[in-house]
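Open the structure in your viewer and get ready to select a few places one after another. Here is a short tour to follow.

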Amino acid sequence: MSFLKKKGIHISFKTYLIDGLSFMALGLFSSLIIGLIMQTAGNELGITFLTEMGVLAMGLAGPAIGAAIAFGLKAPPLVLFAGVITGAAGYALGGPAGAYVAAVFSTEIGKLVSQSTKIDIIVTPFVTIAAGYGISALVGPEIQSFMQATGDTIGWATEQRPFVMGMLVAGLMGLALTAPISSAAIALMLELDGLAAGAAAIGCSAQMIGFAVASYRDNKLGGSLAQAIGTSMLQVPNIVRNPLILIPPTVAGVLLAPLGTVWLQMENNASGAGMGTSGFVGQIMTFDTMGFTLDVLMKVGMLHFIGPAVISLLLSHYMLKAGMIKPGQMRIDTGGVKYEKA
């Protein structure tokens with residue numbers, strides 16, 4: 001274990017699932033998601049240059065995931081740069097989930113051999129790339145098939161039982177967004193789409209808008225905006241102190257999801273399902289999926305913004321009166337915080 005520690009390898013749930021997925025989300029946002037936004041905007045506005053930029057960014061999702069995960073796992077330079085290749089291999093053979101596995105595996109193997117020989121500049125990138133490509137070829141297609149089948153099952157279940165499944169998807173994906181893991185990465189790995197993705201977007205939006213509104217008395221405008229269009233992860237330290245503050249936004253998402261899945265038929269895609277209102281990606285992808293019409297705009301406004309705000313405000317006010325939440329328990333520290341993760 002001392003050897004692994006010396007090499008910067010820390011085998012733990014936090015390292016591979018929390019840190020790994022969080023940095024994977026940054027890579028996805030910096031490539032696939034921002035590329036989709038550019039492409040959508042370019043198509044709608046008729047700006048070819050913007051569309052082309054978006055297509056290019058989307059095509060480099062694999063390398064971006066590889067570099068992001070290697071950086072997050074504190075890889076040495078040669079391992080980090082080779083991670084661009086392993087991420088590309090994993091993505092080509094196994095989609096986002098394949099890129100994640102290839103990047104994590106190759107980074108840790110690369111760190112094992114890094115600076116162990118006098119020809120490190122050859123050995124380290126060779127071993128890193130070989131490890132990443134090898135694991136991609138071995139398990140990538142199976143991983144992709146499993147994740148796609150899981151996503152298809154969730155989508156099928158949501159269509160068959162839209163009321164109950166919509167509530168479950170919204171609740172679980174909303175909690176994943178606020179927790180220190182990545183709901184965006186989960187949605188993309190599962191390839192959520194249709195009603196399931198629509199329910200997830202409602203649940204994630206409810207977390208962000210719900211916390212922003214419920215905590216306004218503690219955080220005022222700046223802190224509320226940081227949560228509404230940044231990330232509700234800012235509340236994690238407060239949730240640890242008082243888990244009951246999770247109730248208002250989570251209940252809001254669970255209550256609103258059936259409206260979206262049963263009556264209003266809200267749909268989305270994998271890129272928007274786990275983003276909520278972060279950078280308004282969830283809403284942009286809703287319009288990309290359903291079309292930008294007045295009807296869709298009203299549905300988005302009600303289920304992603306107004307509904308979560310009203311329900312969360314009422315519930316938090318009741319809980320405050322009942323002593324379940326105390327003044328100041330949702331105050332956040334925004335100093336130096338970056339809001340890229342989702």
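Start by selecting helix H9, residues 194-214, in this predicted model. How far apart are the end C-alpha atoms of H9? They are 30 Å apart, which agrees with the 30 Å that 21 residues should span at 1.5 Å a residue. Now colour H9 by burial: 20 of its 21 residues are buried, so the helix is mostly covered.

Next, move to helix H10, residues 216-228, and pick out aspartate 218. Is aspartate 218 buried or exposed? Its relative accessible area is 13%, and because buried means under 20%, aspartate 218 counts as buried. Show what surrounds it: leaving aside neighbours within four places in sequence, aspartate 218 is in contact with Pro327, Gly328, Gln329, Met330 and Arg331. Arginine 331 is 113 residues away from aspartate 218 in sequence, yet their C-alpha atoms are 5.0 Å apart in space. Look also at the side chain of aspartate 218, where a polar atom lies 3.0 Å from the backbone nitrogen of glycine 328.

For the last stop, select asparagine 238 in helix H11, residues 236-241. Asparagine 238 is buried too, at 5% relative accessibility. Which residues does asparagine 238 touch, not counting those up to four places away in sequence? They are Ile245, Gln329, Met330, Arg331 and Ile332. Zoom in on the side chain of asparagine 238: one of its polar atoms lies 2.9 Å from the backbone oxygen of arginine 331. A polar contact of 2.9 Å also joins this side chain to the side chain of glutamine 235.

Methods:
Residues are numbered from 1 along each chain as its sequence is written. This is a predicted model: local features need pLDDT of at least 70, side-chain atom pairs count only at pLDDT 80 or more; totals for chains, interfaces and linings use all residues. Side-chain values use heavy atoms; hydrogens and water are left out. Helices (H or I, at least four residues) and strands (E, at least two) are DSSP runs, numbered from the N terminus. The expected span of a helix is 1.5 Å times one less than its number of residues. Buried means under 20% relative accessible area, exposed over 50%, partly exposed in between (1.4 Å probe, protein chains only). Contact means heavy atoms within 4.5 Å. A polar contact is a pair of N or O atoms within 3.5 Å; within protein, one must be able to donate a hydrogen and the other to accept it, and residues adjacent in sequence count only if both atoms are side-chain atoms.
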